[in-house]
Amino acid sequence: MKRRDFLWLLGVISGSTVMTSCGSGKSTARFTSYLLPPEEGIVPGEANFLPSTCTECPAGCGVLVRLRDGRPVKLEGIPGHPVNDGGLCVRGQSSLYRLYHPERLRGPMAREGGKHRPVSWEEAFSRVADSLTASRQGSLKNLFLSGRTTGSLSRLVDATCAKLGIERLPEYEVYSHTAEKEANGLLFGERDIPHYRIENADFLLTVGVDLLETHVTPVAYTRKISSARARGDFLWYHVEPHLSLTGANADRRFVLRPGRERRLLSFLLREVLDRKTPKTPLSGELLAALPRTTASIVSGETGIPSESLKEIANRLATAKRPLLIAGGIGTAQAGGLEVASAAALVQWGTGAIPERVDFARSENYRDVGTLRDMEELSARMGRGEAGIVFLFRTNPVFSLPQRLAFKENLKKASLTVGMGDFLDETLREVDLILPLSHSLESWGDVEPRRGVMSLLQPVLPPLHDTLSDGDVLLRLLGKVSGRGAPGSYEELLHAAWGKRLGEAGRNRLLEKGYAEETLPKKAVSLDGKRAAETLRSAGPTEDAGKPVLVLAPSLRTFDGRSRILPILSEIPDPLTTITYGPWVSMSEEDAARAGLRDRDEVTLTAADWSTALPVKIQPGLAAGVFFAYRDLLPSPPIRTDRRTGGGVEYIGGVRISRTGKTAEVPILSGSFSQLGRGLIPHPVHLEEGRRHDRWTLYPEHEHKEYRWALAVDLERCNGCAACVAACHVENNVPVAGKADHLKGREMSWLRIEPFYEKGEVEFLPMLCQQCHYAPCESVCPVFAAHHNPEGLNVQVYARCVGTRYCSNNCPYKVRRFNWREHKWPEPIDRMLNPDVPAREVGVMEKCTFCIQRIRAAKDKAKDEGRKVRDGEFTTACAQSCPTGALTFGNLLDKESKVYRLAHSERTYRVFESLGTEPSAYYLRGRKP
Amino acid sequence: MTRGESSMGNADKYAKVDRDILAAMEKPGRLYLAGLAVTGSLVVIGGILWAYQIRNGLGVAGYTHPVNWAIYITNFVFWVGIAHSGTLISAVLYLFRARYRTSFNRAAEAMTVFALMVAGLFPLIHLGRSWVFYYLIPYPTQRQLWVNFRSPLIWDVFAVGTYFTVSVVFFYVGMIPDFAIARRCKEGIRKKIYSALSLGWKGTERDWRHYAMLYLFLAAFATPLVASVHSVVSWDFAMSIVPGWHTTIFAPYFVAGAIFSGIAMVITLVVPLRKAMHLHEYITDDHFESIAKILLFTSLIVSYAYIVEFGLASYGGNIFEMESFRYRALGEFRYLTWAMIFCNSVVPLTLFAKRLRRNTTYLLVVSLLVNVGMWLERFVIIVTSLAHDYDPYVWGTYRPTYVEVGISLGSFGLFFMLYLLFVKNLPVLSITEIKEHL
Amino acid sequence: MKKTLVAIAALGYFGVSVLLVAGLGYLWYSTGPAPVQPIAFPHTVHAGGLQMPCVYCHTFVERSRSAGAPPLEICMGCHRSIATDREEIRKLTRHYEEKRPIEWKRVYALPDFIYFSHKRHVKAGVECATCHGDVAGMKRVRRVNELVMGWCVSCHRVRGASRDCATCHK
Amino acid sequence: MAGPMVFEEKEKFLEQLRVLVQEGVPGERIRVITPFGVPEVEEILPGKRSKVRFFALVGAASGTVTGFAFTILTSLSWPLIVGGKPIVSIPPFIIIAFALTILFGALSTFAGFLLLSRLPSLRGIRSGEEHGNAFVILVEDGERK
């Protein structure tokens, strides 16, 4: 009898009680005989991908939906997609939570008395139809307000409104970019946002515009910038009054006084025109209209040192392919029009149009209206001129300033019909709620940029009793006409695609998820006269009284529409590492003067508005400037710009007074400074003794086939946290919630650590380093943590008893402990990735380098009798990164990209002196 | 020995010893029962809280992300430490033939056993999944999987397990002859129990010969444990790479600390014991003085260790180490740190004065302070080191919750309850040894 | 002395019998239950009598981690014409016509923290019977192996397959 | 003279014991019972030294062997790399071996004691003869010269 068998027999007796703990007998997957075999290419138990489009913001990024057993479990950017080319932002990654959110509307509802009651679609539609016919007699006007819609849907809306005699209002977007559009309209007759070809520029100057957070199409800009950077000759200056993620990532960031952008730009324009004469010379009167000024004056006005001003101007004038973009809060202000026009003129003057400022492929924002439009709408409703008001995927009640009294006036309409997916501030007010399907449940297309079509297709049947955007309108038409719906939206779309793209083109669209039409270059001409008028008619610079509250757009929730996604409050804000807001950021000086510390609550008071917010001290922020993310402030006191009708996002003359309370704000970072610990070493440190020769008693342990490693290029990383969201979704990382975050018990496997130095911030993505000599392993008493033949620190959840010794002994503190049982309320549980188990209470977990993906890739390779190829697969974080900062691969493969990066002279590893030999390699850039 | 007795015959002397010591085991008084009630209820509360914690996960405790070990491990180390002096007194002093041992050894051995019983609970309490604690025990299972003998925690399992077993044996063996006496003086069911426990001891010369040899060897086996067990416990920390933990002096430092705290606990227990049971003849002030000397001596060692620790950190130039100790001395836990230094290093210095060494009330006060100080020492070492380690981003802090506090109090309750039961049911002094030394 | 011998003998006897009982108990436990299925599908007829290969119905066993239950289409392939009058077949046809999938009762199940691929095992030349026993001989399918770690590991040892935890533990 | 000789004083008892030995009563026929261990008895009565110590030795030795064998074999039975340390890393195993040495040593010593002094003795438990705090000498029957 062999020893093993003997032990085994013993084990039988001793283990028989233990078996239950193996969980066997517990059925996990269903075991069902379906009717028909699945269509070709789909294998039950294996993943398959379908293309669609992300609708979390108007940018229209293409996504590949990863399906397991018919359930979407992950979104990934479509490589080669004209908008996002494989990248996807933090919001896009999170938007699966929208699909599976437990609070999604589950069916149509009608207000009876105070509250909403569920009704049938039939009933709902007939109510609309009836009041439509009723309103025909009356003089009341029926109005249709939507968020930005493009492509076939927009056309369908127009058709519907025409048929039913409804007035379609200009679309409502919080970020309407009014000033830019106005300026472009006045100067070039193109009232739209051009497509900025940053990748072709060698010098980029951005004024206020938040390219990386929300501006029009952030993922696209991110990719363009990083590809330009990869070229090497690219330089990027940013000018802003506060501190944004965009500013943090520019090569140089200049802080100017809020509201003085005008001065800066007219100076730059003047300089540029003096230095180089544009291809088509500007008219004399235009030149005359330009205010004379000097660097020193402008420096006095803007607060930017004059040598810096000269330098910027110099770069702008001398660069071969300069590009100036002004926007965002830079133009959302009184005098924004001048800023925008000056910027446009600089673009003109520096010959950026049309090479780098492409109006042919403009971003389809022309139908988006202004704040003034909303004022009028509210007024009309207030005067009781509104019949039926349709509110389609828009939430004005939340985002419009109080003074418009939109909420109150809404009640004066004879019937308000809200169409959306959540019971948000607006839908709570309406009489009739028509729930809309998630884009992953519906057919459709979007045209985020002229000539670019992106496909929406249902990858699963609707979870609830909802209709797709198109079908709602069609059913409504059908109801009113009484002839039933004129076919489904799907048929309509296919026909339309066939007509526009032809048979082949439509199939390509369905297969690839996007279609790009070739458009002729568009030569725009400058209307010098109008330009001159614009400049001349500019009023005096009205100074936003100090201190100024800047309402900054939020990376995490856009204009607030993504607040509903729990995971986005779980992922810290890159700059402050605050997870559950709100808060107001304040400069060190101001805080010191007012004797405020982090988390102290203050009351902010403007003219007709006041709110209480906790304080976060923000390094690199200028004195006299506070900023808060707009999405965290319901109905903020936005003024309307006299000239453009756009919103003014600077709130001048804000007074602060401490309430004496201290708010509970989870600030995850324990220290904004790295205290000279060299997590991000100073470039010079890289040279001296980077390689620590390791002396050990023990023989080296070998890896035969694979040794997985990750390279992180800090020069590319911009801290956008897309990887964090991707990791959350891929690995079933639970949402811990505010209470746990206050104890620092976040569960994220991957975190972005911001470290500040003299107002400059750098980001360090920190995840399990998969050390070669891992301190966590040897201390585990039960082998739950151990080293596997492929160089991974495996964590066996089923074996873990929860001593937490591994976490104590991890210098990187990347292990996460399940302090309690985490809930996955139905239907979010359907989002769980079946390749990754949900962890039990009391066990340790951590980044696995997406071992499930490794396993899948090896499985495939084994079937084909080969080794895994480099780049054949990658981790969730690396896949989602819009800048390509993360590279995953096999270190034993000398040809692999990761091998090359790991052996670059820019490479270092965190806490190298500890001799843990991490498999995560960091590449440190050298900022100019 | 006072004059009165020398005149009396041996038999009477021996009989008196029997009477005096077994007198302790007579009917309990009100105070005793009250004590039992208090400690008992503490135990119950602790138990309930533990159940609550198992039900809802460790989240109910005050742990944070960097601070993964806290009060529970503090208690573990504290109680194991308490145990040590018991072995020191009963085994080491036996080998050195220190006479005054006789007055303490039984009390001390009992303390060892009970302290270990309490200590043994805490590794379980602190586990994330207490219900699979048996994964830590190397036994053959159908999984064909064993434990990681390279992990200090497994060393703990073996060290503490061995220590407990040996202590129990030692404790019991010491009492066998006394049981024989107890059964003589007791009646009814108790007589039966004591007879059984005495294993039918007769005290023939053969018995005594083997007994002497056995006792000698048990002492010999137990002695190295005094050094080894707490070294192993200290390695739980020293074997890690956490700044503030990873240092070579931990083993001797912890052993000294253990004996220090243990001696203090002996004093805490024996002073009231002597008073309550009128054992002044058997436990004299001289005896206390000698114990007090050990206390002073170990206190000096511990203070030395403190100095060395801080010295190493500040002169070593390792920024992580330096920060760790800066934080310990000046961070948010500074009060605890300085309280610890006051209790462990300053207060015992007064024992250089002979008068104070012989003043049992004063000794009691000192010993209580030392107990507090030593508990704080473990807490400070564990928590502050974890709170500020390598990556400043994850620096955090720690505040215990009522669950942790309750369970800790429960552990004290358990210890003192067991001790109260002991004094009423077992001979608190080694009768035979006292006779031997008459 | 004699007393002690007797005592030891008694103890030994008792110990042995305990072991025996435990062993039997485990055996009973491991050869699991044989649930009554919604349709009494006789493997004895199909796999046994007709000698149909397992893969004929469990189509994905060579392509996927999960062998999968056959889609009704496959059953109907034959049973449109064969034995249509039998009660069980009627059930089947009813399911098919009413488009109701059949929810079989699980016989074998693994905990969700385990990664197991039928494909890998089949490709490695492991016979179905090795784990599932002689299904062809079972009128009602019964679990013949308790799927506990030790059982898997023993086989992995013998065949020299990977014993890295991450091979099976997700 | 048969029957137990009972003394109250240790000294008297020892004298009598010496006398008996001088009178040539063979040691194996003399049994003494004392309330506590009296080292002098061993000098007077030529008895062998206790064998308990051999149990100690054997126990301890077996403990050491078990310690190493157990750790090494189990580690080899499923070799898992942790922290880059070798599968058989002796230093930590020494600690286990040491612990087991003490454990087995102590237990086997105790067992040895029980075995050699025939404890537990049921007769003794069912109240054997009782001599209180007296020193007793028993001489088994047999003619004196």
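How does the radius of gyration of chain C stand against that of a compact globule of 170 residues? The exercises below begin with this point. The structure is a predicted model, in which local features need pLDDT of at least 70 and side-chain atom pairs count only at pLDDT 80 or more, while totals for chains, interfaces and linings use all residues. Residues are numbered from 1 along each chain as its sequence is written, chains are lettered from A and ligands numbered from 1 in the order in which they are written, and side-chain values use heavy atoms, with hydrogens and water left out.

**Exercise 1. Describe the overall form and composition of chain C.**

Step 1. Chain C has a radius of gyration of 22 Å, whereas a compact globule of 170 residues would be near 15 Å. The radius is taken over C-alpha atoms, and the globule rule is 2.2 Å times the number of residues to the power 0.38.

Step 2. Along the principal axes, the C-alpha atoms of chain C fill a box of roughly 80 × 40 × 30 Å.

Step 3. Nine helices and one strand are found in chain C, in the sequence pattern α-α-α-α-α-β-α-α-α-α. Helices (H or I, at least four residues) and strands (E, at least two) are DSSP runs, numbered from the N terminus.

Step 4. Of the 170 residues in chain C, 34% are buried. Buried means under 20% relative accessible area, exposed over 50%, and partly exposed in between (1.4 Å probe, protein chains only).

Step 5. Among contacts in chain C between residues at least 6 apart in sequence, 65% join residues at least 24 apart; a contact means heavy atoms within 4.5 Å.

Step 6. The accessible surface of chain C is about 10100 Å², and 68% of it belongs to carbon and sulfur atoms. Such areas come from the Shrake-Rupley method with a 1.4 Å probe; for residues, only the protein chains shown count as cover.

**Exercise 2. Carry out the corresponding analysis for chain D.**

Step 1. Five helices and three strands make up the secondary structure of chain D, and from the N terminus on they run β-α-β-α-α-α-α-β.

Step 2. Of the 145 residues of chain D, 46% count as buried. In chain D, 78% of the contacts between residues at least 6 apart in sequence join residues at least 24 apart.

Step 3. The accessible surface of chain D comes to about 7400 Å², with 65% belonging to carbon and sulfur atoms.

**Exercise 3. Which strands flank strand E7 of chain A, and is E7 enclosed or open?**

Step 1. Strand E7 (residues 141-146) of chain A is largely enclosed by the rest of the structure, because five of its six residues are buried.

Step 2. E7(A) runs parallel to strand E15 (residues 386-392) of chain A, to which five bridges join it. Two strands pair if DSSP finds at least two bridges between them.

Step 3. E7(A) also runs parallel to strand E8 (residues 167-168) of chain A, with two bridges.

Step 4. Phe144(A) stands opposite Phe390(A) in E15(A), and its bridge partner in E8(A) is Arg168(A).

**Exercise 4. Trace the pairing of strand E5 of chain A.**

Step 1. Strand E5 (residues 109-112) and strand E6 (residues 115-118) of chain A run antiparallel, joined by four bridges. Within this pair, Ala110(A) has Arg117(A) as its bridge partner.

Step 2. E5(A) and E6(A) form a hairpin with two residues between them, and Gly113(A) in the turn has a positive phi of about 65°.

Step 3. E5(A) also pairs in the antiparallel sense with strand E17 (residues 432-435) of chain A, over two bridges; here Ala110(A) stands opposite Leu432(A).
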